[in-house]
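Please find below my notes on the model.

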Amino acid sequence: MLGLLLKDFINLKRYTKIFGLFIFIYGFMAYTQKDASSFTSIFALLFTILTMSSYAYDEVAKWDVYALTMPISREEIVRSKYYLMLLLVALSFAFSTVFTIVLNFILGIANIYLGLEACYIAASVIVLFYSITLPIITKLGIEKARIIFFAVYMIPVVIGYFIKKAANAGMIKIPTRLLEISKIAIQYRFIVIPIVLLIALWISYEIAIRIYQKKEF
Amino acid sequence: MKGKSNTFNISNTSNNENSKFAITINNLVKQYDDFKLNHINFQVPKGSIMGFVGENGAGKTTTMKAILDLITIDEGEITILGSDSRNLPKEKKALIGVVLDGSNLHDNLNVNNINLIMQRIYLNWEERIFYEYIKRFNLPETKILKEYSRGMKMKLSIVIALSHHAKLLILDEATSGLDPMVREEILDIFLEFMQDEEHTILFSSHIISDIEKIADYVTFIHKGNIVFSKNKDDLIYQHGLIHCKKDEVNQIDKAYIVGVRENRYGAEVLIKNKALFQRQYNNFKVDRTTIEEIMLFITRGKESF
């Protein structure tokens with residue numbers, strides 16, 4: 001397991017310089033705009049790409065076939081990718097948090113923790129994104145999965161857009177009960193989100209394991 | 001047992017730890033839309049090199065993948081070092097060194113990175129042996145694999161396979177696409193590995209000359225069927241090649257004929273049971289044959305008996 005993670009981190013090391021450049025540019029932009037939220041979202045996006053890149057590297061090298069001949073189980077290969085994703089999300093979260101606090105301090109903002117919720121939401125969105133996409137990548141491989149992602153993420157966006165439009169025009173009425181539940185969920189977001197993410201991750205992992213167990217190379 | 005079974009027992013089969021065989025394949029079936037591994041049976045004796053030969057698309061790689069549990073098999077069972085190949089325990093997997101057709105390592109890595117990674121994958125990884133082979137093969141330590149030639153990549157894969165005290169090497173087309181000098185160097189390493197009588201090699205290749213150089217046993221697969229799995233020397237001693245006139249072929253008892261190849265000067269006949277044949281027919285000069293010729297006659301001979 002450690003070997004697999006080390007392999008991914010060594011492969012991703014080449015992104016360090018580009019990341020440094022992005023941090024500098026977007027850090028400077030956040031400073032001039034006196035707002036760290038754009039930095040948080042960009043940084044979350046960059047870290048999201050890294051997990052996908054690790055799959056792409058493995059796919060190009062045809063690594064999995066080779067790894068399965070070593071003392072590594074199929075479960076470990078799947079698990080290592082979930083660990084990698086969570087580690088990268090944790091890194092992204094830690095970095096964004098530190099950056100936001102430091103920027104708030106430099107800018108002399110009274111509430112030094114202002115904007116940290118954006119870091120929390122960004123990290124949660126990435127975990128949810130990967131809970132859905134990792135089984136798809138496991139099944140199809142990263143190249144084919146990229147096309148599917150577009151469809152998977154565009155459909156809810158388009159549907160959401162039309163529901164909102166229809167609701168605004170008074171064509172449909174969103175059930176009051178649903179709105180109440182949403183309000184409660186937002187109110188207790190620091191409890192609800194982790195529970196939802198844990199359930200999503202668990203289901204996602206179980207599906208990915210089952211897919212990978214049956215995979216032929 | 002369904003269908004035709006190709007059974008080639010080199011000796012008795014046993015599935016336990018003390019088996020004489022490093023690998024035992026019993027009645028292996030794998031069906032694809034356009035290809036079938038058809039009831040494959042053969043064993044790789046411990047302490048030997050088994051050459052696994054056949055033309056491209058004959059089923060070598062599919063059989064290798066089945067052995068390595070990379071594909072699901074439809075029927076049969078495979079035993080490696082005394083355990084079922086499906087879900088082989090980690091301690092057994094650690095005793096197997098595998099070299100695949102490609103390098104299967106990431107282009108961004110260098111030798112030092114690979115050492116660090118493998119140390120964490122193989123509990124029995126031996127850094128000293130790894131770097132000794134790296135030096136011996138003149139593999140640059142700081143260059144990334146992207147800058148390696150195919151030969152260098154294959155050597156590195158072999159070095160990895162040899163650096164964790166493997167008892168069994170499974171090599172799939174490990175010498176294909178390499179120049180003769182590099183191939184010779186690699187074959188020497190395999191022979192060195194075989195100095196330990198507990199060590200075994202299963203070596204698939206379509207380069208028959210490599211198999212002839214180092215193998216003790218040869219298993220020949222053709223269109224998903226095992227044609228033979230025998231001791232290499234026995235194969236060569238038991239077969240012979242006759243050059244004669246076309247009309248003389250009819251004088252030979254068909255029971256001896258493996259295949260006939262005709263050309264405008266006459267005919268070439270591959271015969272089996274050479275010793276018996278020579279006692280019966282002293283008017284034919286029987287030449288020594290090669291594994292390659294035996295294979296060619298079986299697959300392409302005008303007649304097969």
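1. How many salt bridges does the rule find across the interface of chain B and chain A? The rule finds two, a salt bridge being a side-chain nitrogen of Lys or Arg within 4 Å of a carboxyl oxygen of Asp or Glu. The side chains of A:Glu216 and B:Lys30 form a salt bridge, at 2.9 Å from N to O.

2. This is a predicted model, where local features need pLDDT of at least 70, side-chain atom pairs count only at pLDDT 80 or more, and totals for chains, interfaces and linings use all residues. Residues are numbered from 1 along each chain as its sequence is written, chains are lettered from A and ligands numbered from 1 in the order in which they are written, and side-chain values use heavy atoms, with hydrogens and water left out.

3. Contact (heavy atoms within 4.5 Å) links 28 residues of chain B with 26 residues of chain A.

4. Helices H6 (residues 116-140) and H9 (residues 189-214) of chain A pack at about 15°, their axes 8 Å apart. H6(A) is therefore roughly parallel to H9(A) (angles under 35 degrees count as roughly parallel, over 145 as roughly antiparallel). Helices are DSSP runs (H or I, at least four residues); axes are lines fitted to C-alpha atoms over the stretch in contact, and angles run from 0 to 180 degrees between N-to-C directions.

5. Helix H5 (residues 74-107) of chain A crosses H6(A) at roughly 165°, the axes coming within 9 Å. H5(A) and H6(A) are therefore roughly antiparallel.

Notes. Helix = DSSP H or I, 4+ residues; strand = E, 2+ residues; numbered from the N terminus. Parallel < 35°, antiparallel > 145°, perpendicular 65-115°, else oblique.
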